[in-house]
Amino acid sequence: MSVDQKTVRHIARLARIAVRDDELEALAKELNGILDWVEQLGEVDTADVEPMTSAVAMAMKMRDDVVTETNLQKEVTRNAPGAEDGFFVVPKVVE
Amino acid sequence: MTDLTSLTLAEARDALKKKEITSVELTGAYLKEMEAAGALNAYVTVTAEKAMEMARASDAKLQKGEGGPLEGVPLGIKDLFCTKDVQTTACSHILEGFVPPYESTVTANLWRDGAVMLGKLNNDEFAMGSSNETSHYGAVVNPWRRQGSDAKLVPGGSSGGSSAAVAARLCAAATATDTGGSIRQPAAFTGTVGLKPTYGRCSRWGIVAFASSLDQAGPIARDVRDAAIMLRSMAGHDAKDTTSVDRLVPDYEAALAGGVKGLSVGIPKEYRVEGMPKEIDDLWTRGIEWLKAAGATVKEVSLPHTKYALPTYYIVAPAECSSNLARYDGVRYGLRVEGRDVTEMYENTRAAGFGAEVKRRILMGTYVLSAGYYDAYYLKAQKLRTLIARDFTEAFSEVDVLLTPTAPSAAFAIGEKTDDPLSMYLNDVFTVTVNLAGLPGISVPAGLSGEGLPLGLQLIGRTFDEETLLRAARAIEEAAEFTAAPGAWWRA
């Protein structure tokens with residue numbers, strides 16, 4: 001499998017990273033270099049192998065679905081590039 | 001005592017307890033060394049006032065015969081750990097100005113035990129790199145130089161600030177993180193000890209996430225004992241991280257006394273890779289002889305899927321990174337670059353905020369997770385992970401620990417490998433398997449290269465058996481008698 005410049009533009013769009021037209025060629029080349037290299041995994045027959053879901057065998061811990069920390073509005077918004085009255089400010093998203 | 005910064009963490013701790021020195025003296029000595037070491041670029045933030053304040057509080061406790069296991073000991077903290085009210089950037093432009101309103105669990109554990117924070121240490125941007133050259137704040141310079149050369153070398157990565165600071169005695173020990181080798185490879189490049197614990201041993205809460213199924217915090221320290229002391233304080237169960245394990249934290253320092261008599265050590269034959277420099281191979285052979293002489297038995301084992309570990313890693317890690325780094329959207333923290341609409345604001349922010357390697361990995365991860373490719377790449381890689389982990393399980397039915405080199409070379413020059421991502425990735429060929437299988441690993445300085453640079457040997461242990469790992473590491477350390485130190489050229 002190999003990615004062309006159109007695919008790079010598409011995945012950059014999915015990843016929400018602006019790329020200039022003059023960056024596409026180099027990015028496609030780098031990604032293809034890495035993709036060609038990972039192709040070797042195809043040599044291994046994994047038909048009967050379960051995918052790993054946890055690096056160390058452990059049962060998922062559960063907790064009660066209750067609020068443990070409250071009134072953190074100021075702390076939560078204090079690093080925002082735009083905040084007003086305890087809310088995040090974003091560009092207009094609906095007309 | 002004149003040279004306070006030459007004390008190991010254990011020595012400093014004991015001297016503080018006995019009131020032979022004070023934390024204010026010790027912390028002041030480190031701050032002075034840090035000020036003179038700007039050429040290394042190891043620290044990105046120095047918290048001198050906070051350090052002195054913490055040192056005074058420690059002295060008050062020590063004076064009364066109180067205090068925790070690390071009371072008054074000055075540490076450096078990798079900038080990946082969130083520290084309350086102290087800027088935390090993961091050395092990325094996109095997080096510049098971020099001041100966490102909370103403290104990571106690992107650092108909170110260290111402060112609970114009395115440690116003093118000197119400042120935040122440089123690292124590869126979001127811990128993505130093997131040379132500390134991708135940091136927004138510039139490369140870290142290795143305190144070590146080749147004999148007769150003043151070429152600047154990399155300190156390894158991603159925890160290059162941590163390894164350089166420990167090697168140059170700019171802290172008693174440092175925190176670090178390891179996703180594919182980021183503790184062990186920098187330790188090998190700087191003649192320090194780097195311990196990556198079992199996945200789940202330390203809480204990941206409050207550590208800037210890179211690849212959540214691989215990330216694990218651990219120490220870089222001057223010797224095995226110091227690493228053991230650090231791990232005991234860093235580790236422990238945390239309800240805020242569901243993958244942190246609810247298991248007693250042993251006294252790792254006490255475990256060092258055990259020795260390796262009767263221990264069975266495995267030598268994975270697949271690690272004898274093509275093109276490995278002879279001096280690395282020779283070092284490995286010496287390591288085998290040292291363990292034998294200390295009473296261990298050594299046998300060859302096979303980890304047949306080793307060659308697939310690196311390509312597996314470069315699917316899994318970018319996939320998880322693309323998902324984790326989706327949070328940097330110009331809304332909640334860090335950088336914002338405006339656009340015509342909200343989507344363009346996201347795109348402009350992320351284009352300006354992330355460096356080239358981080359973008360490459362996000363794009364790679366987005367691609368392998370995208371519709372139609374998930375099974376071919378991500379699922380395939382997770383199946384390979386099962387096979388890689390199974391290789392280790394089988395090997396550990398025959399042996400107690402594995403011995404390998406840590407890295408395929410000594411430290412290289414700044415700029416030497418930045419043009420080709422693949423040649424950089426190959427640095428992690430011996431370390432990445434351990435992350436994929438969730439195992440603990442440690443790098444111990446074991447000798448010098450022909451050019452006078454430190455080389456490390458890696459030991460790999462069973463899940464949650466850091467005690468055996470540390471015992472074996474101590475045996476290597478005792479036999480290697482590694483006492484070389486870099487000349488303090490940076491102070492000139």
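Start by selecting helix α9 (residues 278–293) and helix α16 (residues 466–480), both of chain B: their axes come within 9 Å and cross at roughly 105°. That makes α9(B) roughly perpendicular to α16(B), a label that covers angles of 65 to 115 degrees. Axes here are lines fitted to C-alpha atoms over the stretch in contact, with angles from 0 to 180 degrees between N-to-C directions. Helices are DSSP runs of H or I with at least four residues, strands are E runs with at least two, and both are numbered from the N terminus.

Before going on, note that this is a predicted model, in which local features need pLDDT of at least 70, side-chain atom pairs count only at pLDDT 80 or more, and totals for chains, interfaces and linings use all residues. Residues are numbered from 1 along each chain as its sequence is written, chains are lettered from A and ligands numbered from 1 in the order in which they are written, and side-chain values use heavy atoms, without hydrogens and water.

**The helix contact**

Show the side chains where the two helices meet. From α9(B), pick Gly287(B), Trp290(B) and Leu291(B); they meet Ala472(B), Ala475(B), Ile476(B), Ala479(B) and Ala480(B) of α16(B). Contact means heavy atoms within 4.5 Å. This contact has seven nonpolar residues, one polar and no charged. Ala, Val, Leu, Ile, Met, Phe, Trp, Tyr, Cys and Pro count as nonpolar, Asp, Glu, Lys and Arg as charged, and the others, Gly among them, as polar.

**A covered helix**

Next, select helix α4 (residues 105–112) of chain B. Six of its eight residues are buried, meaning under 20% relative accessible area with a 1.4 Å probe and protein chains only. Colour Thr105(B), Val106(B), Thr107(B), Asn109(B), Leu110(B) and Trp111(B) to see the buried ones. Their cover includes α3 (48–63), β2 (74–78) and β3 (116–121) of chain B. Then step to Gly114(B), which follows α4(B) and has a positive phi, near 100°.

**The pockets**

Now look for open space. A pocket is an open set of points on a 1 Å grid over the protein atoms alone, with protein on both sides within 12 Å along at least five of seven lines; a cavity is a set where a 1.4 Å probe fits but cannot get out, and lining residues have an atom within 4 Å of a point. Points are joined across faces, edges and corners, and a volume is the space filled by probe spheres set on them.

The largest pocket has a volume of about 840 Å³. Centre on Cys82(B), Tyr102(B), Trp205(B), Gly206(B) and Arg327(B), the closest to its centre of 28 lining residues. Show α3 (73–77) of chain A and β6 of chain B too: each supplies at least two lining residues. The lining has 15 nonpolar, six polar and seven charged residues.

The second largest pocket holds about 570 Å³. Go to Ala167(B), Arg169(B), Arg222(B), Ala484(B) and Ala485(B), which lie nearest its centre. Both α5 (160–167) and β10 (441–448) of chain B supply at least two lining residues each.

**The cavities**

Finish with the two cavities of 30 Å³ or more.

For the second largest cavity, of about 30 Å³, select helix α13 (residues 375–395) of chain B, which gives the largest share of the lining, three residues. Among the lining residues are Tyr271(B), His305(B), Ile388(B) and Phe392(B).

Methods: Buried means under 20% relative accessible area, exposed over 50%, partly exposed in between (1.4 Å probe, protein chains only). Angles under 35 degrees count as roughly parallel, over 145 as roughly antiparallel, 65 to 115 as roughly perpendicular and the rest as oblique.
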